[in-house]
Amino acid sequence: MALYKYFLKRLVLTIPTLLGVSIIVFLLVHMIPGDPIDIMLGDRVTEAVRLALEERLGLNEPLHIQYWQWFSSALHGDFGISIRSNQPVMEEILTRLPATIELTVVALMIAVFFGIYFGVSAARYRNTLIDQSLIGFSLLGVSIPIFWLGMMLIYLFAVMLGWLPVSGRLSMGTAIPTYTGLYLLDSLIAGQIGSFIDSVRHLLMPAVSLATVSLALVVRVTRSSMLDVLSEDYIRTARAKGMQERKVVYTHALKNAMIPVVTVIGLQLAKLMGGAILTETVFSWPGIGRLLVTAINVRDYPVVQGVVFFVAFAFIAINIIVDLIYAYLDPRIRYE
Amino acid sequence: MRGQLKYFMVFVLAVSLLFSVIGCGNGADTVDETGEEGEETLPEESGEKIFIIARGTDAKTLDCGYSYHEGEIDLAYHFYDGLVKFKDETLEIEPALALDWSGSEDGLVWTFNLREGVKFHDGTDFNAEAVEFSFMRILDESHPYYGLGDQGLAYMDWLLGDAIKEVRAVDDYVVEIELNDVFGPFMTYMAIYSQYIVSPTAVAEYGEDYFKNPVGTGPFKFVEWKRDEYVTMAAFEDYWGEKPEIDTLIWKVVPDESTRLMELQSGNVHAIKSISPAQLETIQNDANLKLLQVAGSNLFYAAINHKAEPFDDVRVRQAVMHAVDFDSLVDSVYEGLGTRAINPMPPTIFGFNDGIEPYAYDPEKAKELLAEAGYPDGFTMDLHVFAESRSYVGRPVDAAEIFKSDLSQVGIDANVVVNEWGTHRDLVRNYEHSIGFLGWYDVPHPNNFLNLMLLRAVNNQYENEELNELSDKALATFDRSEQEAHYREMQVISHRDVVVVPVAHSDYTAVVLKDINGFELDPLGNVIARRVSF
């Protein structure tokens with residue numbers, strides 16, 4: 001089957017998936033005890049105010065009607081209005097998305113780059129001190145809670161050593177003109193080198209603590225996959241013909257060892273988004289993870305639905321892309 | 001193999017070097033580099049005095065008329081002024097935008113003489129029309145700007161909607177407020193943020209967007225609001241009162257409380273709002289930090305259902321008061337950030353009856369009272385509590401567990417029922433409880449507390465004509481001492497009859513760097529940075 005047909009099929013299959021996700025999310029969100037009006041108005045809500053507000057927010061309708069109203073406008077790209085901020089949900093998500101993208105992409109880059117490098121190194125120096133310490137560290141990395149790690153990093157690098165800022169995306173009182181919303185890019189486009197360094201400094205700790213778990217996993221998967229490949233005949237042949245060891249490892253072995261690694265990386269991207277919720281809270285990072293936490297706390301139904309739907313959509317898209325990368329990495333893979 | 005090992009080591013070294021270069025570049029270095037760009041100016045360079053406060057929540061709106069949450073109230077007290085205000089650190093009333101005021105003979109019409117020469121941040125003049133506008137846009141349904149920016153609740157309407165008949169500009173600088181009836185707490189309510197004055201020109205100009213473009217007469221004007229990140233204010237150069245010493249005031253949102261404290265310890269922010277008891281020791285041991293702690297004008301209490309047996313018997317209610325060791329309950333739940341409550345209102349506000357002796361912890365006495373009431377072997381009951389931390393109590397469930405354990409010593413077998421707040425509150429409102437924990441806070445007037453807790457039978461099905469009469473009398477006079485006498489009497493009855501079980505008042509807290517002067521925390525829990533200097 002041609003690749004595009006496979007791609008089309010996958011695309012069509014996303015529709016029922018998204019439909020399912022939307023129903024589950026809708027039900028779950030409405031099942032959390034407590035309603036937005038109580039939380040919004042606290043102790044002083046009177047019955048009259050309450051009814052008026054329920055009607056305004058459409059919360060007085062039966063659940064299936066509420067769902068249908070939400071779903072039909074979601075199809076037109078309208079995810080409703082946030083109860084908390086009165087702003088369109090799509091706008092709320094889009095203004096915070098760049099912050100999350102910047103954080104997760106940098107974290108992923110750290111995880112992939114260091115993860116592969118360390119994994120390959122561990123495989124090459126199998127059973128040496130390097131291998132053992134890398135394995136030890138990756139075990140630690142997988143088990144460490146992001147939240148705790150973030151706190152410890154802040155305490156060490158910001159409070160004790162004073163090298164890095166504690167939280168946020170930029171130093172207070174500074175600003176970067178917005179082109180993409182990605183501060184690393186925007187500061188470069190604007191030619192503000194100082195702001196670029198400032199945003200790197202702010203990004204470092206959240207990205208590292210977010211990357212840790214994924215990095216550790218990538219190390220382990222790369223190592224074991226590399227160990228398999230390195231014992232293949234063609235590697236021995238490459239070595240026998242006198243090829244440089246570095247070339248053998250990085251050109252011959254690594255590409256063939258990448259398939260399981262790519263799978264893990266793809267899955268990690270989704271995991272990073274989940275991790276971003278914790279990281280963004282610890283580091284006051286104004287991304288969609290924090291938007292979601294705040295929205296859940298105040299039962300801002302439209303925002304919770306919007307964010308989860310959005311993330312689910314991104315997750316599905318990433319999966320499709322990962323599948324397509326397989327084909328590139330291993331031309332023997334055919335999609336039936 | 002050795003060669004490969006070298007590569008690896010070089011790589012690791014290079015990365016750590018890069019990390020330390022970026023890590024060591026502190027703010028000052030950055031400034032030097034960027035100075036050449038000519039475009040951006042970092043604060044340290046310009047000599048601008050910036051004061052940064054970190055807090056847990058952001059605002060929903062910057063319009064004081066529709067402000068309601070902690071995240072908004074702090075800001076309103078900096079953007080806006082009212083006709084009157086609370087005297088520093090007390091809850092007495094003093095002039096602000098009004099120079100003086102007087103009531104008519106019957107107390108129904110109040111005339112305020114306004115300060116002249118006061119400017120709004122947008123350059124327009126503050127005058128009587130602005131006062132009329134600010135009130136009537138919220139209270140008068142036929143006002144062209146009525147409801148604009150409403151987020152669900154207008155606090156002014158809640159507080160004064162029934163009391164105020166009309167607000168009229170009589171002259172450029174004279175305004176009259178006509179009341180429906182004599183209303184004792186009127187002046188106190190006038191000092192609350194929701195009654196502060198907005199610029200009519202700005203409301204007209206921004207319309208729907210006024211909530212993110214606030215314009216008042218306060219010492220700070222609006223600069224920028226980045227949702228969930230920060231609100232920036234600048235000192236208002238034409239402020240009528242004492243001008244701020246700082247140039248810029250930033251309210252940074254840092255949701256995690258540990259991160260908040262570390263922001264302060266590292267000097268990235270100058271002050272933080274609200275700490276948890278667990279952080280108390282760290283703060284006290286840090287010589288660079290100054291803890292601000294004020295007794296809060298709030299109350300954590302247990303509502304009794306007076307129609308549910310056996311709580312219809314006053315002896316049983318008194319037995320509960322003797323059975324619970326409130327002092328140690330408050331110690332373990334609040335850990336130094338709260339005090340035991342004696343009356344159903346906080347001692348921070350006028351009218352508190354300090355002559356009342358709290359019920360002594362005396363399990364034997366409790367058993368006697370239970371036996372007299374016909375329950376020598378005690379009884380079983382449900383003890384309802386909410387799950388979430390609220391401003392008046394951080395750990396409500398722990399409080400309920402201790403309460404339960406004390407009750408068990410006198411034979412009362414209480415079953416703690418924990419619910420999410422909304423469910424819990426509905427349940428107590430529908431009288432499905434025997435004892436249920438609740439709390440109350442803010443407006444510093446006895447009426448705000450006693451009215452709700454003792455009258456109207458709201459959470460307790462308790463009716464007492466004597467109390468109703470006392471309350472009516474207190475409301476029907478502007479005379480402070482007369483009000484006070486009635487409110488004190490109400491507390492005596494409440495204590496004798498055990499209408500509710502007062503438990504504790506939670507302290508409000510803030511922490512500021514040692515070298516900062518003039519940073520205040522008021523008894524309502526608002527942080528005030530109007531007079532900050534360093």
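Predicted model: local features only at pLDDT ≥ 70, side-chain atom pairs only at ≥ 80, totals over all residues.
Two strands are said to pair when DSSP finds at least two bridges between them.

Strand E6 of chain B, residues 164-171, and strand E7 of chain B, residues 174-179, pair in the antiparallel sense, and six bridges connect them. The link from E6(B) to E7(B) is a hairpin of two residues. As one example of the pairing, Val167(B) has Ile177(B) in E7(B) as its bridge partner.

I turn now to the contact between the chains. Here 50 residues of chain A are in contact with 46 residues of chain B. On the chain B side, the elements that give two or more residues include helix H1 (2-24), helix H2 (27-35) and strand E10 (248-253) of chain B. By class, that side of chain B holds 18 nonpolar, 16 polar and twelve charged residues.

Helix H7, residues 146-160, and helix H9, residues 193-230, both of chain A, have axes that come within 9 Å and cross at roughly 145 degrees. The crossing of H7(A) with H9(A) is right-handed. Among the residues that meet there are Leu149(A), Leu153(A) and Phe157(A) from H7(A), and Met205(A), Val208(A) and Val213(A) from H9(A). The contact of H7(A) with H9(A) comprises nine nonpolar and three polar residues, with no charged residues.

Let me return to chain B for several loop residues. Asp325(B) sits in the loop between helix H11 (314-323) and helix H12 (326-334) of chain B. Leaving aside residues up to four places away in sequence, Asp325(B) touches Tyr361(B) and Asp406(B). Its C-alpha atom is 8.1 Å from that of Ala360(B), a residue 35 positions apart from it along the chain.

Asp442(B) is buried, because 21 other C-beta atoms lie within 10 Å. For Gln461(B), phi is about 55 degrees, and its loop runs between H16 and helix H17 (465-475) of chain B. Gln461(B) has 15 other C-beta atoms within 10 Å and is therefore partly exposed.

Key. Residues numbered from 1 in each chain as written. Chains lettered and ligands numbered in written order. Axes fitted to C-alpha atoms, helices over the stretch in contact; angles between N-to-C directions. Helix = DSSP H or I, 4+ residues; strand = E, 2+ residues; numbered from the N terminus. Left-handed = near helix turned anticlockwise from the far one by under 90°. Contact = placed C-beta atoms within 7 Å. Nonpolar A, V, L, I, M, F, W, Y, C, P; charged D, E, K, R; others polar. Buried ≥ 20, exposed ≤ 12 C-beta atoms within 10 Å, placed from the backbone.
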